[in-house]
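Here are my notes on the helices. Please read them beside the model.

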Amino acid sequence: MTLITALPLEMDLVDLLISGQWLIKTLLVVMISIAGIFMLRSSDGDKSLAVRRIATLLFMLFAIIAVLQPLLVSRIAFYLGIGRGADLVLYILTVAFFANLVTNYRRTIYLEQKNTDIARSIALNSVQYPEGRHPEA
């Protein structure tokens with residue numbers, strides 16, 4: 001018997017209610033949905049908004065499937081040659097973490113440069129010259 005035939009795919013509503021997992025699964029789906037809505041909201045000046053929205057939707061879809069049908073994730077992991085569904089989730093979260101790390105680093109560098117430019121502009125515009133020493137005079 002292979003792993004694919006040994007794993008049942010469906011869990012009916014009665015089994016879900018009896019197992020006691022309905023509360024945590026409901027909370028996880030709601031939290032994933034709320035986080036996704038916040039990620040999908042537009043922000044001004046974001047050049048890669050479409051890519052971010054598609055990635056967010058795909059990640060939300062995967063997360064909701066992983067919560068509602070964990071055995072399906074195990075099957076996908078088996079097809080990919082990964083031992084367990086939990087390992088597949090770990091690998092995907094690791095990639096997402098590093099992508100977020102790089103994105104935040106690049107955004108921080110951009111914002112620091114923007115702050116430097118603003119500070120320079122303010123400093124140059126607020127120079128006070130002694131009487132009779134103004135360069136435009």
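1. On one side of H4, Ala-50, Val-51, Ile-54 and Leu-58 are exposed (over 50% relative accessible area, with a 1.4 Å probe and protein chains only; buried is under 20%). The buried residues of H4 are Leu-49, Thr-56, Met-60, Ala-63 and Val-67. Down the helix axis these buried residues fall within an arc of 70°, so they line one face of H4. The arc is taken over directions from the helix axis to the C-beta atoms.

2. The model is predicted: local features need pLDDT of at least 70 and side-chain atom pairs pLDDT 80 or more, while totals for chains, interfaces and linings use all residues. Residues are numbered from 1 along each chain as its sequence is written, and side-chain values use heavy atoms, without hydrogens and water.

3. H4 covers residues 49–68, 20 residues in total. Its first and last C-alpha lie 28 Å apart, close to the 28 Å expected at 1.5 Å a residue. Helices here are DSSP runs (H or I, at least four residues), numbered from the N terminus.

4. H5 (residues 70–79) packs on H6 (residues 85–125) at about 80°, with axes 7 Å apart. The two helices are therefore roughly perpendicular (65 to 115 degrees).

5. Which residues of H5 meet H6? Val-73, Ser-74, Ile-76 and Ala-77 do, against Gly-85, Leu-88 and Val-89 in H6 (heavy atoms within 4.5 Å). By class, this contact has 5 nonpolar, 2 polar and no charged residues.

6. Buried in H5 are Val-73, Ser-74, Arg-75 and Ala-77. Gly-81 follows H5, with a positive phi near 85°.

How values were computed. Expected span 1.5 Å × (residues − 1). Axes fitted to C-alpha atoms, helices over the stretch in contact; angles between N-to-C directions. Parallel < 35°, antiparallel > 145°, perpendicular 65-115°, else oblique. Nonpolar A, V, L, I, M, F, W, Y, C, P; charged D, E, K, R; others polar.
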